[in-house]
Amino acid sequence: MQKAVIQLETLSCPSCMQKIENAVKGLNGVNQDSLKVLFNASKVKVDFDSETITVNDIKKAIEDLGYPVVKSKVKSA
């Protein structure tokens, strides 16, 4: 398992947070229990199985919803 912190552009509404959460939870290889979408910090924190999914896949799922990713950081869990 690896941990990712993904910095987004400023989130403007709580429903944005919900959309991102639902999209990331639906990805195969994501540890759903670890997922945290931080509204005030505009960050997504999640653990994922790097043999199943990459951080770029997670970022693409977020960007496909229309929320630009500023940067991401990955470290081993």
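Good morning. I begin with helix α2, residues 55–63, whose buried residues are Val 55, Ile 58, Lys 59, Ala 61 and Ile 62. Buried here means under 20% relative accessible area, exposed means over 50%, and partly exposed lies in between, with a 1.4 Å probe and protein chains only. Viewed down the axis of α2, these buried residues fall within an arc of 160 degrees, so they line one face of the helix. The arc is that of the directions from the helix axis to the C-beta atoms. As a general point, an α-helix has 3.6 residues a turn, so residues three or four places apart point the same way.

Before going further, a word on the basis of these values. This is a predicted model, in which local features need pLDDT of at least 70 and side-chain atom pairs count only at pLDDT 80 or more, while totals for chains, interfaces and linings use all residues. Residues are numbered from 1 along each chain as its sequence is written, and side-chain values use heavy atoms, with hydrogens and water left out.

What do the buried residues of α2 pack against? They pack against β1 (2–8), α1 (14–25), β2 (30–38), β3 (43–48) and β4 (69–76). Contact, throughout this talk, means heavy atoms within 4.5 Å. Helices (H or I, at least four residues) and strands (E, at least two) are DSSP runs, numbered from the N terminus.

I turn now to the chain as a whole. It contains two helices and four strands, and along the sequence they follow the pattern β-α-β-β-α-β. The radius of gyration is 11 Å, close to the 11 Å that the globule rule gives for 77 residues, so the chain is as compact as a globular protein of that length. That radius is taken over C-alpha atoms, and the globule rule is 2.2 Å times the number of residues to the power 0.38. Along the principal axes, the C-alpha atoms fill a box of roughly 35 × 20 × 20 Å.

Of the 77 residues, 35% are buried. Among contacts in the chain with a separation of 6 or more, 65% are between residues 24 or more positions apart. As for charge, there are 11 positive and 9 negative side chains, and the centres of the two sets lie 8 Å apart. Lys and Arg count as positive and Asp and Glu as negative, with His and the chain ends not counted; the place of a charge is NZ of Lys, CZ of Arg, CG of Asp or CD of Glu.

Next, some individual positions, starting with strand β3. Val 44 is found in this strand and is buried, with a relative accessible area of 0%. Which residues does Val 44 contact, leaving aside its neighbours within four places in sequence? They are Ala 4, Val 5, Ile 6, Leu 8, Ile 20, Leu 35, Lys 36, Val 37 and Ile 62. One of these, Ile 62, is also among the buried residues of α2.

In the loop between β2 and β3 we find Ser 42. Although Ser 42 is not a glycine, it has a positive phi of about 55 degrees. Ser 42 is also buried, at 5% relative accessible area.

The loop between β3 and α2 includes Glu 51 and Thr 52. The C-alpha atom of Glu 51 is separated by 8.6 Å from that of Met 1, 50 residues apart along the chain. Thr 52 touches Asn 28 and Gly 29, not counting residues up to four places away in sequence. The C-alpha atoms of Thr 52 and Gly 29, 23 residues apart along the chain, are separated by 5.2 Å.

Finally, Ser 72 lies in strand β4 and counts as partly exposed, at 29% relative accessibility. Not counting residues up to four places away in sequence, Ser 72 touches Val 5, Ile 6, Val 55 and Lys 59. Val 55 and Lys 59 bring us back to the buried residues of α2, with which I began. Thank you.
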